[in-house]
Amino acid sequence: MKGKDTRWRIRAVFITLILLLVCAIILSIGYGKGMDEIIRGFTTREEFGFVLRKIRIPRTIIALLIGGSLSICGATLQSILRNSLAEPYTLGISAGASLGITISVILGVNSLFGIFVNPVMGFLGAMGSTSVVYILSRKRLFDPGAIVLFGIVVSLVFSSLVFLMFSLMDPDRMQGVILWLMGDLSGLENELVFFYVPAFLIPAFILFFFTRELDILSLGSEKAQYLGVKPQRAYKVFFILTSILTGLCVSAAGIIGFVGLIVPHILRAVLNTGNRHLMYASYMGGASFLVFSDVFSRYILYPVELPVGVVTGIIGGVILLVLLIKRQ
Amino acid sequence: MLSIENVSFSYAKKEVIHNISLKIEEGEFVGIIGPNGSGKSTLLKISAGFLKPDKGEVYFLGRDIKEYDTKELARHIATLPQSVEVFFPHNVEDFIAMGRYPHIRRGFFKEKEKERELINDIMETMDIQYMEGRRITDLSEGERQRVFLAQCIAQDPVLLLLDEPVSHFDIRYQIKTLETLENLNKDGMTVVIVLHDLNLASEFCTRIVLMSEGKIYKEGSPHDVLTFQNIEEIYRTVVIVKENPISGKPYIIPISKKYL
């Protein structure tokens, strides 16, 4: 009986998520326009058609990819660390990525070797901060509390290093970098979309492949080993995958906090199943959430555009606070 | 089946297992007893291949346990540690199904129906069908422990290692769970169980290993091990040992100091 309840609940959640996703996409692509105009925009060479193809669609695609990726990174990290506060942002992975990219921008590495350097430097920076957290927590046998504490400290140190870089930097170039750091989807270079789509999707599919292992790791490293998952090796694989995704996210749009925290948090509470459903649901939920946040940041103070990271920070932070207070 | 040979182990600098040798034969129901801190759990973790001994070797089915792949070992040995962390609200069936992990090859979706039946059967044996669809996080500690045990049984092991699996239960579920284990044992599963309750150990185990300060103090049948001399020596508590009139096994009555 109750097994059927669960199945219906899962179906209802996924249908809601698909609807949300469709709404988010239509809203982001067609804000301020009628349906007929949007459809015409795809086919004609009018001004709106240009805006659609060159600005709105690429921006929406990137927002979907980033939102989804941050969410599954959060879900992954929360499972392996057994801590619902874990996400790329709180573990210092985002800060590490931003340091890598800041170094790349300041030293001009990116103009020297081309635009693909930023994601790579972001990944290296993310790996750097993750390795520090990993090595520190290994001594504490990956105690979940210790990992998050180390993550926050590492995050603060790496962020300070980013600001140190800023203070040494040519003030003319600071505006753009600061905007990017706050989480900004507007500065995207169009041709990069073709690189980002596979780059974001491949690690995500690998994560989808390992949901069973995630479930098992959530029982703690000792029990995981008894069930046949080598915890140390699995930790490494998951840290590398989340670092790749975080590096990509930060290089594309700076630091966008809380998406990876609240989306899996809420979905876990409504789904009440293992990671198999949670990961797919998180991807869709995170993607919709970021696209909605982006639309909101674009038009709430129109024509002034807010950095989307500020919007997710405020919305996400408030939702999280409400959840935390309610739980007590 | 499992052969522990001259094993020593230390945490940091403190040696907690001193040169222990122990053989577990197929079909046995072995109880490990001993005071807190005598090394029972550590010995179990070494037997399960989780802790690597500093000295000595562990052989499982004639092969060094180090040579086994983690997944391969999980197909043969299921271990229930003292605490399993439950962090996420998995439903009970999904939770038990995690025990199938070492057996399932990736992408074999055809077996889904068979697997579901298997989980149902296990829930029936463990008498936990009524928990179907419930979240593991909503269960009581005793109920959870039975789900953990069901997860171990889903691994379809030849050797089951359990660290105090019934401490959270009331007497009804203690007996019920141990009877379930006894039945599994009769069907051929070898069981090694760490128990605190000496009377339960006496009733259910075919062999008892009494540990003290990282060594095996005594091993043998309940009658040989559970004598008042042994218990008073190791637990430093005055006891009277009688015979259970039904089973004929020894049973232990502690005597409070005020009557001495």
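Strand β6(B) pairs with strand β7 (residues 159–163) of chain B in the parallel sense, over four bridges. Strands pair here if DSSP finds at least two bridges between them. Within β7(B), L161(B) is the bridge partner of T79(B). This is a predicted model: local features need pLDDT of at least 70, side-chain atom pairs count only at pLDDT 80 or more, and totals for chains, interfaces and linings use all residues. Residues are numbered from 1 along each chain as its sequence is written, while chains are lettered from A and ligands numbered from 1 in the order in which they are written.

**The sheet of chain B**
- β6 and β7 belong to an open sheet of six strands with mixed pairing, in the order β6-β7-β8-β3-β9-β10 (chain B).
- β6 (77–80) and β10 (215–220) of chain B are the edge strands, each pairing on one side only.
- On average, neighbouring strands of this sheet are turned by 15° against each other, direction ignored. Axes are lines fitted to C-alpha atoms, for helices over the stretch in contact, and angles run from 0 to 180 degrees between N-to-C directions.
- Strands of a sheet pair through backbone hydrogen bonds, either parallel or antiparallel.

**Chain A overall**
- Chain A has 15 helices and zero strands. Helices (H or I, at least four residues) and strands (E, at least two) are DSSP runs, numbered from the N terminus.
- The C-alpha trace of chain A spans about 65 × 60 × 35 Å along its principal axes.
- Buried means 20 or more other C-beta atoms within 10 Å of a residue's own; exposed means 12 or fewer, and partly exposed lies in between, with C-beta atoms placed from the backbone.
- Of the contacts in chain A with a separation of 6 or more, 78% join residues 24 or more positions apart. A contact needs C-beta atoms, placed from the backbone, within 7 Å.

**Helix α4 of chain A**
- Helix α4 (residues 93–106) of chain A has 14 residues.
- α4(A) is mostly covered, with 12 of its 14 residues buried. Among them are I93(A), L99(A), I101(A) and V105(A).
- Just after α4(A), G108(A) takes a positive phi of about 75°.

**Where the chains meet**
- Chain A gives 23 residues to the contact, and chain B gives 25 residues.
- On the side of chain A that touches chain B, α1 (2–30), α10 (211–217) and α11 (221–226) of chain A each give two or more residues.

Definitions and conventions: Contact = placed C-beta atoms within 7 Å. Expected span 1.5 Å × (residues − 1).
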